[in-house]
Amino acid sequence: MSDDTRISSLRAASAAQDATTRADLEALVRIPSVSARAFDAGHVHASAAAVADLLRGAGMPRVDVVTARAGDLESHPAVIARRPAPAGAPTVLLYAHHDVQPPGRDGDWSSPPFEPTERDGRLFGRGAADDKAGVMAHVHALRTLLPTWGPDEGVGVTVFVEGEEEIGSPTFAAFLTEHREALAADVIVVADSGNWRVGVPALTTTLRGLVDCDVTVDVLSHAVHSGVNGGPVLDALTSLARLLATLHDENGDVAVDGLVRGHAPLVDLDEATFRADAGVLPEVRLAGTGTIADRLWTKPAIAVTGLDATPVDLVSNTLIPSARAKISMRLAPGQDPAAAMTALRRHLLANAPFGARVRVDDGDEGQAFSADTSTRAYEVARAALTEAFGAETVEMGMGGSIPFIADLSAVYPRAAILVTGVEDPDSRAHGADESLHLADFARACLGEVLLLDGLSRES
């Protein structure tokens with residue numbers, strides 16, 4: 001069979017699965033599998049069971065719902081499915097996660113977050129893009145290919161669908177320890193990123209790392225009258241605001257000394273496109289220096305993601321004695337997280353305003369990632385996505401972090417890691433009105449079919 005004939009046949013077989021894949025995606029979205037500890041864990045268990053059933057139905061010969069334990073912490077359930085590799089064939093590990101972020105306020109959504117709704121060619125719902133579409137891309141590819149592979153054909157496939165990625169994968173290392181042999185692979189496909197834009201596929205080649213911390217500023221042993229005592233003493237919230245303002249220089253670049261800063265490859269990402277994609281208000285000037293890609297992918301970034309102080313509706317005329325903020329710092333590839341946390345802590349303690357008492361409590365940390373784009377698996381993936389989308393595949397960085405990829409790389413150093421995805425700049429993952437571009441989803445599913453088919457022909 002010629003390559004053109006084979007690709008045409010795979011296109012038809014993939015398209016025949018599209019309606020069923022969408023229906024199953026909608027069913028998954030209806031399960032509110034929020035992994036945050038304040039939510040009902042029963043929904044995460046229900047989601048894992050549904051994913052297991054889908055993989056069994058796709059033809060995977062062994063499917064297990066599993067948990068892991070890290071100290072006193074037991075994980076949310078994950079799903080591991082396995083198809084042994086034929087003699088001489090590689091094994092491919094397909095990763096996605098079935099847990100989702102909290103939906104936030106229902107009023108911020110145009111339709112209920114757990115009721116999938118189509119508008120203008122997009123499917124709206126929490127998890128529709130991040131990452132239940134990734135789960136279904138794997139299921140779709142297996143449904144398409146497994147019926148065509150005899151027992152001595154194709155590749156070995158292991159599917160690992162995690163249940164707690166959205167809370168930082170706290171037991172991921174324990175999973176790798178407990179299931180190291182079962183998850184071993186020659187190629188790892190992580191379907192948890194995005195594409196360049198609608199209609200243009202991408203492979204994510206770099207990810208920023210992460211550290212975060214809580215910083216607490218104390219100025220008084222107790223609250224005091226703001227009129228009687230105001231003037232000689234700055235309240236804790238004002239002091240905290242002054243401290244936080246030292247984290248950036250006059251250009252908006254991170255002002256913490258000792259951090260790695262790099263340069264991104266030249267890509268077609270201009271300010272107007274970024275502003276539109278991010279929803280930046282017209283009057284707001286962008287912060288920082290360098291290209292937009294530099295600032296997004298290869299330079300550190302700091303955000304204040306939370307603040308504890310007296311709510312406005314509950315204020316009294318007092319000087320606040322204590323205030324606390326959550327600081328999140330994204331790290332350039334090549335940056336050691338421990339060294340970055342040391343630099344951030346040193347900066348915060350050295351810039352205490354007017355001698356305020358400053359305490360820094362370390363939080364989570366995650367390694368950055370830089371892919372090896374010289375592997376044969378990478379070439380196959382690039383060709384598969386280009387064929388599926390009808391547009392050249394872009395190599396892009398990602399400002400976000402997927403810390404467990406560093407764990408995978410450390411445990412399986414010889415595996416080629418491919419970071420793919422189904423999102424686009426308007427998917428709004430983690431936010432209200434999260435959505436999936438349905439035509440691109442079908443292309444992404446076909447891309448994975450062609451990727452696995454291509455890898456099967458490399459053996």
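Biologist: What relative accessibility does Glu-118 have, and how is Glu-118 classed?

Modeller: This is a predicted model, in which local features need pLDDT of at least 70, side-chain atom pairs count only at pLDDT 80 or more, and totals for chains, interfaces and linings use all residues. Residues are numbered from 1 along each chain as its sequence is written, and side-chain values use heavy atoms, with hydrogens and water left out. Buried means under 20% relative accessible area, exposed over 50%, and partly exposed in between, with a 1.4 Å probe and protein chains only. Glu-118 has 43% relative accessibility and therefore counts as partly exposed.

Biologist: Which side chain meets that of Glu-118 in a salt bridge?

Modeller: A salt bridge is a side-chain nitrogen of Lys or Arg within 4 Å of a carboxyl oxygen of Asp or Glu. For Glu-118 the N to O distance is 2.8 Å, and the partner is Arg-22.

Biologist: How many residues apart are Glu-118 and Arg-22?

Modeller: The side chains of Glu-118 and Arg-22 meet in a salt bridge. Helices (H or I, at least four residues) and strands (E, at least two) are DSSP runs, numbered from the N terminus. Glu-118 lies in strand S6 (residues 117-119) and Arg-22 in helix H1, so the pair links distant parts of the chain. The separation is 96 residues.

Biologist: Which residues are linked with Arg-22 in a network of salt bridges?

Modeller: Arg-22 is partly exposed, with a relative accessible area of 26%. The network links Arg-22 with Glu-26, Arg-30, Glu-115 and Glu-118.

Biologist: Which helix holds the salt-bridge partner of Arg-11?

Modeller: Arg-11 forms a salt bridge with Glu-387, the closest N and O atoms being 3.2 Å apart. The two are 376 residues apart, with Arg-11 in helix H1 (residues 3-29). Glu-387 belongs to helix H11 (residues 376-389).

Biologist: How many salt bridges are there by this rule?

Modeller: The pair of Arg-428 and Asp-426 is one example, with its closest N and O atoms 3.4 Å apart. By the rule given above, the count comes to 28.

Biologist: What is the order of the four strands that form an open sheet?

Modeller: Two strands pair if DSSP finds at least two bridges between them. In this sheet the pairing is antiparallel, and the order is S13-S15-S11-S16. The edge strands, each pairing on one side only, are strand S13 (301-308) and strand S16 (357-366).

Biologist: Which residue of S15 stands opposite Ile-302?

Modeller: S13 and strand S15 (residues 322-331) pair in the antiparallel sense over seven bridges. Opposite Ile-302 stands Met-329.

Biologist: What angle does the direction of helix H10 make with that of S16?

Modeller: Axes are lines fitted to C-alpha atoms, for helices over the stretch in contact (heavy atoms within 4.5 Å). Angles run from 0 to 180 degrees between N-to-C directions. Helix H7 (residues 236-245) lies across strand S11 (209-218), S13, S15 and S16, at about 15° to S15. Helix H10 (residues 337-350) packs on the sheet, and its direction makes with that of S16 an angle of about 165°.

Biologist: Within what arc do the buried residues of H10 fall?

Modeller: The buried residues of H10 are Pro-337, Ala-340, Met-341, Ala-343, Leu-344, His-347 and Leu-348. Seen down the helix axis, they line one face of H10, because they fall within an arc, taken from the directions from the axis to the C-beta atoms, of 160°.
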